Amino acid sequence: MKEEILHAVDILGTVTFAVSGVFAAMQKKLDLFGIMIIAFITAIGGGTLRDMLIGDLPVVWMRSAETPLIILVSAGASVLFRNVIRNFQVTLFIFDSLGLGFFTVLGMQKGITFGLSPGICIALGTITGCFGGVIRDILLNNIPLIFRKEIYATACILGGLLYFLLLQTNFSKDWLDVVVIIIIFLIRFLAMRFKWELPVIYSKKTDDR
Amino acid sequence: MKEEILHAVDILGTVTFAVSGVFAAMQKKLDLFGIMIIAFITAIGGGTLRDMLIGDLPVVWMRSAETPLIILVSAGASVLFRNVIRNFQVTLFIFDSLGLGFFTVLGMQKGITFGLSPGICIALGTITGCFGGVIRDILLNNIPLIFRKEIYATACILGGLLYFLLLQTNFSKDWLDVVVIIIIFLIRFLAMRFKWELPVIYSKKTDDR
Amino acid sequence: MKEEILHAVDILGTVTFAVSGVFAAMQKKLDLFGIMIIAFITAIGGGTLRDMLIGDLPVVWMRSAETPLIILVSAGASVLFRNVIRNFQVTLFIFDSLGLGFFTVLGMQKGITFGLSPGICIALGTITGCFGGVIRDILLNNIPLIFRKEIYATACILGGLLYFLLLQTNFSKDWLDVVVIIIIFLIRFLAMRFKWELPVIYSKKTDDR
């Protein structure tokens, strides 16, 4: 039961990440190929970078047809039904935030399997959850959104810290992942609802290097 | 004989990719070092990304001096003779398109050697052929050209599909690579000649995430 | 004694690379998370790319807590004391140049350990020293500074050539690394002092591909 729900969250997360890529690419007036590539990279970019950094190669999405097919179908459907989908912003936001939590926990667990220290595992979780969007923004010639606005990566880091804190306690290991996914979801949801933002820091006169 | 011809296509492709990097870099008024780096990345970027994704490390161009030397010499010559080379656009275009076909087939064959599924092999072939140019465009702060205009990656994908279709038939395995290289070359050539383009899809009101 | 001094140079280099990332990020008005990420990537980006290219995975900074902690603390301190630090430009420049020399030699020595040829080792050294700044510039949506102005990578390449030249002679292997670090430092320092630059090459009418 729990496994099935987590698998569903995985798929929903992949789908919404791909959809977010499609809409970002359409804003920049890319052609059909460009849109599909941006959808792919948004959905699998974070996990790909994680696997390249720790050396789990070939990267995971190359080992089965499931993820590429899900992305292909959901990106194609988003292009076709782009005017309908736009009315489901809240639903997409909820799936996106659940996906963020799921991918973060997945990345952390992979770091633990590779014997890496807690701080590095949290970094890997954050990379898994957030860097698909970062690479999407770079390819579309934007400064990555999560570096400028929104509590996004911060939700992953806080969730990651909680994960390792709970690991030190008697908290049931069976539900640890579910709890952290929900916490990350809630932080992201509340941050959006109440427009929480990190401070922007700059000074008037700065030099480049 | 066939081996020698394919090796010549490999070298011509590397040279023209490097030349295309030099000209793109000169447009952005880079200095000599910047020009050489962009030439390198255009020529070896696609294969490098492929090798990093599948874990064939150190990446191929690090294992022999041949490719780096070819790039160094041809990029240096393009800088010196930039006003002459500009008169050979059609020749460069033909070599570039042949190189595109060759690198695509090379990437697919490597995917097959690594035991990956056909869809992934086609993706790897397309990455090998196209992503040097993508990384070049990112470094030069442009949205990658192949995401916006031109049938380029599409030629690789169609050629890749044909490759795996012919593999199912009795078609001679000796000539499979040559035929697919020619098909990719022809699609690219005809697309340029008749200005075929993929549809650009966008909608008036879109939100970023 | 020598080991301790080199370790100090390593740390000072990491700190100043992180500080340069913080200031570049503040110029673009990033939020706190964005600033920390840019600091990290500037400090470890070059070594990370090197390790991903040669397959020394997980990448080095993941294997101990020291480097991440140094970056976290120095980036945090730079944000807090940004108005004080700005008065220590010359000191930062000296540490940055020493770090450049150290990281270049480190990258070359790793290439030698992996059995790669001298040209590739010099490339790896240059990547180690320079590509953190390149990735920083890409993320901040700038054309990388070292492709346009300043003798920076050129100092690494000249230092690298000297390294392999001296390796052919009877020069003491114990002091080879120290000498090359100092030479790279001096080239960079003199280039800045006397405003040496590489020629910028461009032509009036160029085509993109």
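# A tour of a predicted three-chain model

Begin in chain C, where H5(C) passes H8(C) in a right-handed crossing; a crossing counts as right-handed if the near helix is turned clockwise from the far one by less than a right angle, and as left-handed if anticlockwise. This is a predicted model, in which local features need pLDDT of at least 70 and side-chain atom pairs count only at pLDDT 80 or more, while totals for chains, interfaces and linings use all residues. For selections, residues are numbered from 1 along each chain as its sequence is written, and chains are lettered from A and ligands numbered from 1 in the order in which they are written.

**Stop 1: H5 and H8 of chain C**

Select residues 89-113 of chain C for helix H5 and residues 173-193 for helix H8, which pack at an angle of about 135° with their axes 8 Å apart. That angle makes H5(C) oblique to H8(C), since angles under 35 degrees count as roughly parallel, over 145 as roughly antiparallel, 65 to 115 as roughly perpendicular and the rest as oblique. The helices (H or I, at least four residues) are DSSP runs, numbered from the N terminus, and the axes are lines fitted to C-alpha atoms, for helices over the stretch in contact, with angles running from 0 to 180 degrees between N-to-C directions.

Next, show the side chains where the two helices meet: from H5(C) they include Leu98(C), Gly101(C), Phe102(C) and Val105(C), and from H8(C) they include Asp177(C), Ile181(C), Phe185(C) and Arg188(C). Contact here is set by C-beta atoms, placed from the backbone, that lie within 7 Å. The residues of the contact of H5(C) with H8(C) divide into 10 nonpolar, three polar and two charged, where Ala, Val, Leu, Ile, Met, Phe, Trp, Tyr, Cys and Pro count as nonpolar, Asp, Glu, Lys and Arg as charged, and the others, Gly among them, as polar.

**Stop 2: H1 and H2 of chain A**

Move to chain A and select helix H1 (residues 2-27) and helix H2 (residues 32-54), whose axes are 7 Å apart and which pack at an angle of about 140°. That makes H1(A) oblique to H2(A), and H1(A) passes H2(A) in a right-handed crossing. Among the residues that meet are Thr14(A), Phe17(A), Gly21(A) and Ala25(A) in H1(A), together with Gly34(A), Ile38(A), Ile41(A) and Thr42(A) in H2(A). By class, the residues of this contact of H1(A) with H2(A) are 11 nonpolar, five polar and no charged.

In the loop between H1 and H2 of chain A, select Lys29(A), a residue other than glycine whose phi has a positive value, near 60°. Most residues other than glycine have a negative phi, and most peptide bonds are trans.

**Stop 3**

**Stop 4: the interfaces**

Now color by chain and look at the contact between chains A and B, which takes 30 residues from chain A and 29 residues from chain B. On the side of chain A that touches chain B, at least two residues each come from H1, H2, helix H3 (66-80), helix H4 (82-85) and helix H6 (118-139) of chain A, and H2(A) gives the most, with six residues. That side of chain A has 20 nonpolar, six polar and four charged residues.

Turn to chains B and C, whose contact takes 30 residues from chain B and 29 residues from chain C. On the side of chain B that touches chain C, H2(B) gives the most, with six residues.

**Stop 5: the whole assembly**

Chain A can be laid on chain B with an RMSD of 0.0 Å by a turn of 120° and a shift of 0.0 Å along the axis, which is the relation of a three-fold axis. Copies are superposed by least squares on the C-alpha atoms of residues with pLDDT of at least 70 in both. Chain B is likewise superposed on chain C by a rotation of 120° with 0.0 Å of shift along its axis, at an RMSD of 0.0 Å. Only 10% of the interface residues of chain B are also interface residues in chain C, so the copies meet through different surfaces.

Finally, color by pLDDT, the predictor's confidence in each residue, from 0 to 100: chain A averages 90, and 96% of the residues score at least 70. For the complex, the predictor gives an ipTM of 0.89 and a pTM of 0.92.
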